[in-house]
Amino acid sequence: MLRHRLGAALARAASWRRAIATIVLACLVLAAGPFSRAGFAASADDCILDNCADKAAPAPDNAAPSAPSGSLRPAPMGRGASADFDFYVLALSWSPGFCRTPAGARAQGQCAPGANLGFVVHGLWPQYEHGYPQDCPFGAASPSRIALQSAAGLYPSEGLARHEWRKHGVCAGKSPTDYFNDVRRAREAIAIPPPFQNAKGDQTWTAIDIERAFLAANGRLRPGMIGVACSRGVLQEVRVCLSKDLRDFHACPEVSRRHCPIGQIAVPPAL
C-alpha cells in the first residue's frame, strides 16, 4: 500500500513538472513575439566580426575605370570643373616617331625634311589620381594672340597649341596666358637625356632603359613618375608626372604603366 501511494505521488509530481515547463515555454514564446522560418534562418546566417570577411559586398559598378588597353591615359571621369585636378602630366612627343604615324602625314611643318625636331611638347594635362577631367567649363573659348605668343616655341605648331588649350588647358582653371606659362615651366623642368639630343642615327632601346635615361638626367625623378608610349614598336612619347604647383614630380601609377612591347623598340632619328 505504501509503495502504491509513493508511486502515485511521483507520477503527479512529474505531471506537474511537465505542465510547468509547458507554461514557461509558452510565456517565452509570447514574450519573444512571432517569428517566421525565414527570419530565423536569416539570423542564423549573421556573420560575426572578421567572419564577415568572405561576405564582402561586390564592388560598385561605378568604380574608377582602369586604363584602357594600348593607352597610357586612363579613361576620363566625366565632366570636370576648372582647377579641380590632382597633378599634371607633361607629354613629350618623340617627333620622328610621331611622323611615322598617319597623323604625322598631316603635320607638314613638324614632319617636313630638315625640321630636325626631337622631343616636343604634346601637352600639359590636368590629371586625377584615377582618370582625368574633360569637358571643363570654358574660361576662354580660344586663346588670344598674346597668349599664343607665350606658347611660341613650345609646341611644334600653333594649331596644336590651340587644340591643347581647348581640350586640356581650360581644365587648369587659369587664363590661356598663365596656362601656357605653366607649360613652359614644366618643359624647362625636364632635362632631355644626351642620347636623344640631336639624334642623327637610328637607335634601339627598351622602354625601361628610356625611363632610366630620364631618371639619370633628372635627379628627383623616380620610378613610377614616368611612362613611355609606343606605337607598332616605335617610340611615341615620354610622359612625366608633375605636382599641381609644378615644383616637384608626382607618383602616378596609372600613367607609369608600360605600354611598349617587351624588348627592343625603334627610336628613329630626327628628320
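Is D182 buried or exposed, and with what relative accessible area? D182 is buried, at 5% relative accessible area. Here buried means under 20% relative accessible area, exposed means over 50%, and partly exposed lies in between (1.4 Å probe, protein chains only).

This is a predicted model: local features need pLDDT of at least 70, side-chain atom pairs count only at pLDDT 80 or more, and totals for chains, interfaces and linings use all residues. Residues are numbered from 1 along each chain as its sequence is written, and side-chain values use heavy atoms, with hydrogens and water left out.

## Salt bridges

D182 has a charged partner. Its side chain meets that of K174 in a salt bridge, 2.3 Å from N to O. The term stands for a side-chain nitrogen of Lys or Arg within 4 Å of a carboxyl oxygen of Asp or Glu. K174 is partly exposed, at 35% relative accessibility. The whole structure holds 6 salt bridges. Three of them are set out below.

| Salt bridge | N to O distance | Relative accessibility |
|---|---|---|
| D182 and K174 | 2.3 Å | D182 5%, K174 35% |
| D209 and R212 | 3.4 Å | D209 32%, R212 51% |
| R239 and E237 | 2.6 Å | R239 11%, E237 7% |

R239 counts as buried, and E237 counts as buried too. Elsewhere, salt bridges that share partners join R145, E158 and R162 into one network.

D209 is partly exposed, while R212 is exposed. They stand 3 residues apart in helix α8, so about one helical turn separates them. Helices (H or I, at least four residues) and strands (E, at least two) are DSSP runs, numbered from the N terminus.

## The nonpolar cores

The largest nonpolar core has 49 residues. Such a core is a set of buried Ala, Val, Leu, Ile, Met, Phe, Trp, Tyr and Cys residues joined through side-chain atoms within 4.5 Å. F119, Y155, F180, F196, I210, F214 and L235 have the most contacts inside it. Helix α8, residues 207-217, gives the most to this core, with 5 residues. Another core lies apart from it and has 7 residues, among them V89, A91, C241 and C252.

## Around F119

Which residues does F119 touch? Leaving out residues up to four places away in sequence, F119 touches L92, S93, W94, I192, F196, F214, L235 and V238. A contact means heavy atoms within 4.5 Å.

S93 is buried, with a relative accessible area of 7%. With the sequence neighbours up to four places away set aside, S93 touches F98, G118, F119, V120, H122, Q236 and E237. E237 is the salt-bridge partner of R239.

## Aromatic rings

The structure has 10 aromatic pairs. Rings of Phe, Tyr and Trp (its six-membered ring) pair if their centres lie within 6.5 Å; planes under 30 degrees apart count as stacked, over 60 as edge-to-face and the rest as tilted. The ring centres of F119 and F214 are 5.6 Å apart and their planes stand at 85°, so this pair is edge-to-face. F119 belongs to strand β2 (residues 119-127) and F214 to helix α8, so the pair ties together parts 95 residues apart in sequence. Both F119 and F214 are buried. Ring pairs link W94, F119, F196, W205 and F214 into a cluster.

A charge meets a ring as well. The charged end of K244 sits over the ring of F85, 4.6 Å from its centre. That requires NZ of Lys or CZ of Arg within 6 Å of the ring centre and within 35 degrees of the ring normal.
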